[in-house]
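Dear colleague,

Here is the structure that I promised to pass on to you. Please look through it first, and then read my notes below alongside it.

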Amino acid sequence: MNPIVCATGVDLLMDYLEGVISPDVQAALDEHVAGCARCAAFVASYRETPRILRDATATSLPADVEASLRAFLRSRTTAFRSR
Amino acid sequence: MVVPTAEPSDKALAAQAAAGDDSAFETIVERYQGRVFRLACRLTSDTDAPDVLQETFLQVHRHLASFRGDSQFSTWLYRIATNAALMHRRARQRRPGSSLEDFLPRFDSCGTHVATPAELQVASRADELLDRQFLAERAREALAQLPDLYRDAFVLRDLEEMSTADVARTLGVESATVRQRVHRARLMLRGYLSDLVGVKP
C-alpha cells in the first residue's frame, strides 16, 4: 500500500467515516491524521459541513403553503372536506 | 402491551387511508407535510416547493394501496417526494455548469494540503462567524449550484439524514455511488463555507 498523504486521505474520507474501508487502511489513515495538523483541521471542517448546511436550510412550512395544500387536496380527493 | 394513548403508527394510518378513511390520510398529511416541504425546498427551490408538496401528497393518496408495508412508510413517502421533486426540476431548464469545483481542496505536488491548519479549520465555524439570514440564503444558493447528482445524494444523506442504503434505494444507484457523490458535495460545500468567511479553501 502506498503511504497516505493528505490527498489520498481526502479521497478516502467518506469511506473512512462510514467504516467501509479495510482495517489496515483505516489504521494508516488514523496514523496520518494523528500526525498531520492540516488533515486534522480538514477532517473537523468536513465533518461539520453537513450540520451547518442542515441548520441553514431547516425551513418550516409557511401557513399559506399549508392552506394551499389543503385546498388542493380538497379539490382532488375527498380529504379535508370536513375541516 | 397496548398503550392506549400512543399515536397511531404510520402503517396503521396507511392501511386505514388505503381503505378510504379520509381522516387517516389527513393525519398522514399533517405528520409529514413539514418534512416534505423542507425536502422539496432542498431539492428544488422555495418557489417550486409548494407544487412539489401538493404533487407528493396527491401521489401518496393515489398509491396508498400499493404501499406493501415491507419498508418503512417514511422511506416510501420520501421516495415519492424525491421523485416528485426530481420530475419538477427536470421540467425546468436549469442553467448548466457549476462554479463549486473552484472550492475543492488544493494539494501540492507531494499531495499535501496547500492551506494552513487554521485556514482548513475555519469552515467548521462558518455558522458562528456569519449572520444567520445571510448563511441561510447562501446555503440555498450553494445547493442550487451543486451538480444535480451530488445535490440529490447530499440532501437525502446529509440533510434529511437517511441511511446510505436508503438513499441508494431511493435514487436507484449503488451505495458506493451514493458515498462518492455525497463526498464530492461535502468537499465543494466545505470549501464554499470557507470562501464565505473569506478564506481560500
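**Domains of chain B**

The domain assignment, which is automatic or taken from a database, divides chain B into domain 1 (10-91) and domain 2 (100-196). Please keep in mind that this is a predicted model, in which local features need pLDDT of at least 70 and side-chain atom pairs count only at pLDDT 80 or more, while totals for chains, interfaces and linings use all residues. Residues are numbered from 1 along each chain as its sequence is written, and chains are lettered from A and ligands numbered from 1 in the order in which they are written.

The centres of the two domains of chain B, taken over C-alpha atoms, lie 27 Å apart. Nine residues of domain 1 of chain B are in contact with nine residues of domain 2 of chain B, where contact requires that the C-beta atoms of two residues, placed from the backbone, lie within 7 Å. On the domain 1 side of this contact, α2 (22-43) and α4 (73-91) of chain B each supply at least two residues, and α4(B) gives the most, with five residues. Helices here are DSSP runs of H or I with at least four residues, and strands are runs of E with at least two, numbered from the N terminus. By class, the domain 1 side holds four nonpolar, three polar and two charged residues (Ala, Val, Leu, Ile, Met, Phe, Trp, Tyr, Cys and Pro count as nonpolar, Asp, Glu, Lys and Arg as charged, and the others, Gly among them, as polar).

**Helix packing in chain B**

Helix α9 (residues 164-171) and helix α10 (residues 175-196) of chain B pack at an angle of about 100 degrees, with their axes 8 Å apart, which makes α9(B) roughly perpendicular to α10(B). The axes are lines fitted to C-alpha atoms, for helices over the stretch in contact, and the angles run from 0 to 180 degrees between N-to-C directions; under 35 degrees counts as roughly parallel, over 145 as roughly antiparallel, 65 to 115 as roughly perpendicular and the rest as oblique. From α9(B), the residues B:T164, B:A165, B:V167, B:A168 and B:L171 meet B:S175, B:V178 and B:R179 in α10(B), and this contact divides into five nonpolar, two polar and one charged.

Helix α8(B) also packs with α10(B), at an angle of about 95 degrees and with the axes 8 Å apart, and the two are therefore roughly perpendicular to each other. Among the residues that make this contact are B:F154 of α8(B) and B:V182 of α10(B), and by class it has seven nonpolar, no polar and five charged residues.

Chain A has five helices and zero strands. Its radius of gyration, taken over C-alpha atoms, is 24 Å, whereas a compact globule of 83 residues would have one near 12 Å (the globule rule is 2.2 Å times the number of residues to the power 0.38). The C-alpha atoms of chain A fill a box of roughly 65 × 25 × 15 Å along the principal axes.

The contact between the chains takes 44 residues from chain B and 40 residues from chain A. On the chain B side, α2(B) gives the most, with 10 residues, and the residues of that side divide into 23 nonpolar, 11 polar and 10 charged.

**Confidence**

The mean pLDDT of chain B, on the predictor's per-residue confidence scale from 0 to 100, is 92, and 95% of its residues reach 70 or more. For the complex, the predictor gives an ipTM of 0.93 and a pTM of 0.91.

With best wishes
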